[in-house]
Structures are given as structure tokens and as C-alpha cells.
Amino acid sequence: KEYAKEIRDADVRCERGSGGNNHPGNREYLKLVKTLRESYQELPIRSKTAKHKIAMAIVEKIEDNGGRFVELEDAFGKEHPKRYYILSRGDARDKVAQALRNKLKTSQRTAITEDKKLRSPADDLKREADSVVMEATQKTST
């Protein structure tokens, strides 16, 4: 395991609770997930390649901003200090994919539905998802 010497503002702390949610990197990460979740969930189950690209695009966006996905190591006793280790890209992608699969709370679904009624037919989320997928595809082809 590679350990993080310090936690950067751009890092995504993979943990439950307000500690992670209040971290600047987590707030940016959650915005990306929220933006792309609906597009991800609308893809057919068999669209693994497209879903993979969306999840990897989020990982790459975090990395491009200088962030890493870090997780607190299980520590037992005072002789083992708590420390963060850096997740592999595959593990980070898996975390992102899980966040994208998570169902929206009813209040969030209602807010999105109401918001869509006010928008033009061109769905902003879909355009952003398409843009991220295209960007990820261009990165892998160069």
C-alpha cells in the first residue's frame, strides 16, 4: 500500500460521515457524481463500457485537479496510528461506480424532476455526461 503523507484539499476521502462530506475534494467529487448519476443510471445494464468510461472520467477529473482517492486504514490499538492509503485507479473507479449506482433519495428525484420541467429540452446532465465520456475517450486514444 502507498500511504498519503498528508491529505490534500483535492483528495477524495473514502469514508462515511461528515468528515468526508465536508472535505473540499469530496464536495467536488459529489458534484461530479450528482451531475452524471442520472445519465449513468439511464444506460442499459449491458452498457458496461459506457458506464466504465463515465466512472473513469470522474476518477481522471479528480486526478487532473491534483486529487487522489484515499481511505483510512483499519488501525488497532494505540501502537498503530490511523493513516490514509491511496486507492488504486481500479478501486477508485469501483467506488465511483458504486456512488453512481446509488439510488437518489425521493426528495432529490423530485427536485431533479421539477428542475427539468423548467429547462429546455436539451438536458444539461446528458450533455455534460456526453462531454465527459468524449473527453475520457480522447485521453485514452492519445
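In α2, residues Tyr29, Val33, Leu36, Arg37, Tyr40 and Gln41 meet Lys95, Val96, Ala97, Ala99, Leu100 and Arg101 of α4, where contact means heavy atoms within 4.5 Å. The residues of this contact divide into 8 nonpolar, 1 polar and 3 charged. In these classes Ala, Val, Leu, Ile, Met, Phe, Trp, Tyr, Cys and Pro count as nonpolar, Asp, Glu, Lys and Arg as charged, and the others, Gly among them, as polar.

The structure is a predicted model, in which local features need pLDDT of at least 70 and side-chain atom pairs count only at pLDDT 80 or more, while totals for chains, interfaces and linings use all residues. Residues are numbered from 1 along each chain as its sequence is written, and side-chain values use heavy atoms, with hydrogens and water left out.

**Helix packing**

Helices (H or I, at least four residues) and strands (E, at least two) are DSSP runs, numbered from the N terminus. Axes are lines fitted to C-alpha atoms, for helices over the stretch in contact, and angles run from 0 to 180 degrees between N-to-C directions. The table gives the geometry of two helix pairs.

| Helix pair | Axis separation | Angle |
|---|---|---|
| α2 and α4 | 8 Å apart | about 65° |
| α3 and α4 | within 9 Å | roughly 115° |

Helix α3 covers residues 48-64. Its contact with α4 is made by His52, Ile54, Ala55, Met56, Ile58, Val59, Glu60 and Glu63 of α3 and by Arg89, Ala92, Arg93, Val96, Ala97 and Leu100 of α4. By class, this contact has 9 nonpolar, 1 polar and 4 charged residues.

**The sheet**

An open sheet is formed by 3 strands in the order β1-β2-β3, with mixed pairing; two strands pair if DSSP finds at least two bridges between them. β1 (12-14) and β3 (84-86) stand at the edges with a single partner strand each, so one side of each is left without a neighbour in the sheet. Neighbouring strands are turned by 35° against each other on average, direction ignored.

β1 and β2 (residues 69-72) run parallel and are joined by 3 bridges. Arginine 13 has valine 70 in β2 as its bridge partner, and cysteine 14 stands opposite glutamate 71 in β2. β2 and β3 run antiparallel, also joined by 3 bridges. Valine 70 has isoleucine 86 as its bridge partner in β3.

**The largest pocket**

A pocket is an open set of points on a 1 Å grid over the protein atoms alone, where a 1.4 Å probe fits, with protein on both sides within 12 Å along at least five of seven lines; lining residues have an atom within 4 Å of a point. The largest pocket has a volume of about 530 Å³, the space filled by probe spheres set on the points, which are joined across faces, edges and corners. Of its 17 lining residues, Cys14, Glu15, Arg16, Tyr29 and Ala99 are the closest to its centre. β1, α2 (24-42) and α4 (89-101) are the elements that give two or more residues to the lining, and α2 gives the most, with 5 residues. By class, the lining has 6 nonpolar, 5 polar and 6 charged residues.
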